[in-house]
Amino acid sequence: MAPPPQGVRSRSQHQRRKRIVQAAAALASRGGVEAMQMRTVAERAGVALGTLYRYFPSKMDLVVAVVSEELDILEGSIERRPPRAGAPAQRAVEVLMRATRGLMREPELAEALIRSLLLSDVKTDFGDRLAAMLLRAALGSDEQVPDDDQRQVVARALSGIWTMEMIEMLRGQATAERIQTRLEISAARLLADF
């Protein structure tokens, strides 16, 4: 029997990878990173442990994939419903507050993802992707911002402020309203020249 065509194999591999990431996210949402035991993830995803390690060589690689999946969901939301606020800073804050609300629906998952971003040695594009979303919201999707443009630095700084605010919220030291106020002040100052 001939092997399946390459497109079919790729589709099934993509679906298997997606099942693994979803299983890991579900476990993390109920028990944090500690609940994401590789064997348990494999069982829940319906794959062999060796298959799981072929896709994700370490637990942190798997956590990074879950972070990426959450960013995909946020990007999809922003594409479907772009921020409507007037000023660039307001539109950027709207993106960050959507991210906040999305993560806080699953606080244990949020804590696992934020903690892993801070402690992981695994390279992730989280900061770049969040900064790109902020720039698209602030400037519009048509404007391309070169990598060496100072607005990239400003967007990264604002995403860093948001990450620290999320840590405060997860520790119970800030509310969503307080975070929004701080982000509005920071964004207004950082994005004043946009």
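This is a predicted model: local features need pLDDT of at least 70, side-chain atom pairs count only at pLDDT 80 or more; totals for chains, interfaces and linings use all residues.
User: Is Arg98 buried or exposed?

Analyst: A residue counts as buried under 20% relative accessible area, as exposed over 50% and as partly exposed in between, using a 1.4 Å probe and protein chains only. Arg98 has a relative accessible area of 10%, and it is therefore buried.

User: Which backbone oxygen does the side chain of Arg98 reach?

Analyst: Contact means heavy atoms within 4.5 Å, and, leaving aside neighbours within four places in sequence, Arg98 is in contact with Leu74, Ser77, Ile78, Arg81, Pro82 and Pro83. For one of these residues there is also a distance, 2.5 Å, from the side chain of Arg98 to the backbone oxygen of Arg81.

User: How are α7 and α8 oriented to each other, roughly parallel or roughly perpendicular?

Analyst: Axes are lines fitted to C-alpha atoms, for helices over the stretch in contact, with angles running from 0 to 180 degrees between N-to-C directions. The axes of α7 (residues 126–139) and α8 (residues 150–170) come within 8 Å and cross at roughly 110 degrees. Angles under 35 degrees count as roughly parallel, over 145 as roughly antiparallel, 65 to 115 as roughly perpendicular and the rest as oblique. The two helices, α7 and α8, are therefore roughly perpendicular.

User: How many residues of the contact of α7 with α8 are nonpolar?

Analyst: Residues of α7 including Phe126, Leu130 and Leu134 meet residues of α8, among them Ala155, Leu158 and Trp162. Here Ala, Val, Leu, Ile, Met, Phe, Trp, Tyr, Cys and Pro count as nonpolar, Asp, Glu, Lys and Arg as charged, and the others, Gly among them, as polar. The contact of α7 with α8 has three charged residues and four polar ones, and its nonpolar residues number nine.

Key: Residues are numbered from 1 along each chain as its sequence is written. Side-chain values use heavy atoms; hydrogens and water are left out. A polar contact is a pair of N or O atoms within 3.5 Å; within protein, one must be able to donate a hydrogen and the other to accept it, and residues adjacent in sequence count only if both atoms are side-chain atoms. Helices (H or I, at least four residues) and strands (E, at least two) are DSSP runs, numbered from the N terminus.
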